[in-house]
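Colleague: I would like to learn how to read the surface, the core and the aromatic contacts of a model. Could we take them in turn?

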Amino acid sequence: MKRLLVLLMVLGLVAAACGDDDSSDEDDDGGTTTPQEVDDSDDDSADAAPSSGLDELNVAYFSEWPTPNQVAQLEKTYDEELGLTVNWTTFGNGNDMSRAMESGDIDIAYSQGLTPFVNAVTAGSEFEMVAIAVSYADNDNCVAHPDADITAANAGEALVGATIMSPLGNVTEFKLNKMLEYFGVDVSDVNVVGAEDGASVLAAFQRGDIQVGCAFGGPMFSMLETGNTLWTGADQLAEGIRVFDVVSIPAGFGADHGDIVTQFLQVTEDANAAYAADPDSKIATIAEAAALDVEGTLQNLSVFSFPTKAEQLGADWFGGSGVNDAMLSQAEDNPDALNDYSDFINTSYLEAVN
């Protein structure tokens, strides 16, 4: 009997010991995870994520600024090719585009003025120029009011004391300053009034409140119906002034969604090519998308050029120093100007376009 009791006690101790081992094993398995298991879990999660991670793309553009890609905008070719809902938002000036990119509200700014882009990156914004949207000289200019009696011949004297209205911090103001320099007039000798946009300039011009109005696109052409330019596009080119708008992005957006940026540029390239091959068939659609009549659309397009991928990567643009030099020129009056702006140019997305 004693032997039986001893045997039962031994068996109980063994069972208890085995139970402790099992409990310990369960705690090891359930309470800790090996580094390999963490990696496996993360890999599975990454494989399950969509490639772009986007449902929508937010693009900034200007109304009354007709460009061939607006055919693809209106016909939703961008949506189809990118597999996203593309939201197009109009802006009054390029500085507002910069602020919207900074806040994360805009992913791509199409046809942003070079001056606002340069001002933004000089101030520390992490933006990249990824393409040239449009080149122009005669579509952004200052117009003298018919009652002001200011011409290219007498501008050096007649501009002194004149009231000039212009949007500020953009290409229009840059060209205004260059025009004054060209005619030997110090900016302190004129009264420059800032405007929110070209429409405000046109309204002041039509009221007779100003002697000179500076604007681009439709408002400029409207002022030219009665007024006259002082400094032509040919004069500007002769002075080495290249005027163009860019396609810009927040650098972080490009790093995360480079395939989207490239596809956006691909659709734009295709739209430009289709327009070049048959412009007449595209005018009505462009006019509708740009919120312009056909006459105004033709006026704008007559002084626009849309460089192809090959041209943009060539010596006149990104393949040489022209774009960086233009940026340096835009920033020359900025006390914080950089010595080089090439770090804000990224042609890798454009290079991937077919």
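**Surface, core and rings**

Modeller: The accessible surface of this chain is about 17000 Å², and carbon and sulfur atoms hold 48% of that. Keep in mind that the model is predicted.

Colleague: What share of the 354 residues counts as buried?

Modeller: Buried residues make up 47% of the chain. As for secondary structure, there are 18 helices and eleven strands.

Colleague: How should I read the nonpolar core, and which residues have the most contacts inside it?

Modeller: In soluble globular proteins, nonpolar side chains tend to be buried together. Here the largest nonpolar core contains 84 residues, and Leu57, Leu159, Phe264 and Leu265 have the most contacts within it. Strand E4, residues 127-136, contributes the most, with eight residues. A separate core of twelve residues includes Val143, Met165, Ala195 and Leu202.

Colleague: What is Leu57 in contact with, leaving aside neighbours within four places in sequence?

Modeller: Among its partners are Leu82, Leu84, Val86, Ile108, Phe253, Ile260 and Phe264. The list also includes Thr85, Asn87 and Asp107. For the chain, 78% of the contacts with a separation of 6 or more join residues 24 or more positions apart.

Colleague: How many aromatic pairs are there?

Modeller: Two rings pair if their centres lie within 6.5 Å. That rule gives 16 aromatic pairs. One aromatic cluster is formed by Phe62, Trp65, Tyr136, Phe216, Tyr275, Phe304 and Phe306.

Colleague: Which charged end sits over the ring of Trp317?

Modeller: That of Arg242, at 4.6 Å from the ring centre.

Terms used
Residues are numbered from 1 along each chain as its sequence is written. This is a predicted model: local features need pLDDT of at least 70, side-chain atom pairs count only at pLDDT 80 or more; totals for chains, interfaces and linings use all residues. Side-chain values use heavy atoms; hydrogens and water are left out. Rings of Phe, Tyr and Trp (its six-membered ring) pair if their centres lie within 6.5 Å; planes under 30 degrees apart count as stacked, over 60 as edge-to-face and the rest as tilted. A charge sits over a ring if NZ of Lys or CZ of Arg is within 6 Å of the ring centre and within 35 degrees of the ring normal. A nonpolar core is a set of buried Ala, Val, Leu, Ile, Met, Phe, Trp, Tyr and Cys residues joined through side-chain atoms within 4.5 Å. Buried means under 20% relative accessible area, exposed over 50%, partly exposed in between (1.4 Å probe, protein chains only). Helices (H or I, at least four residues) and strands (E, at least two) are DSSP runs, numbered from the N terminus. Contact means heavy atoms within 4.5 Å. Accessible areas come from the Shrake-Rupley method with a 1.4 Å probe; for residues, only the protein chains shown count as cover.
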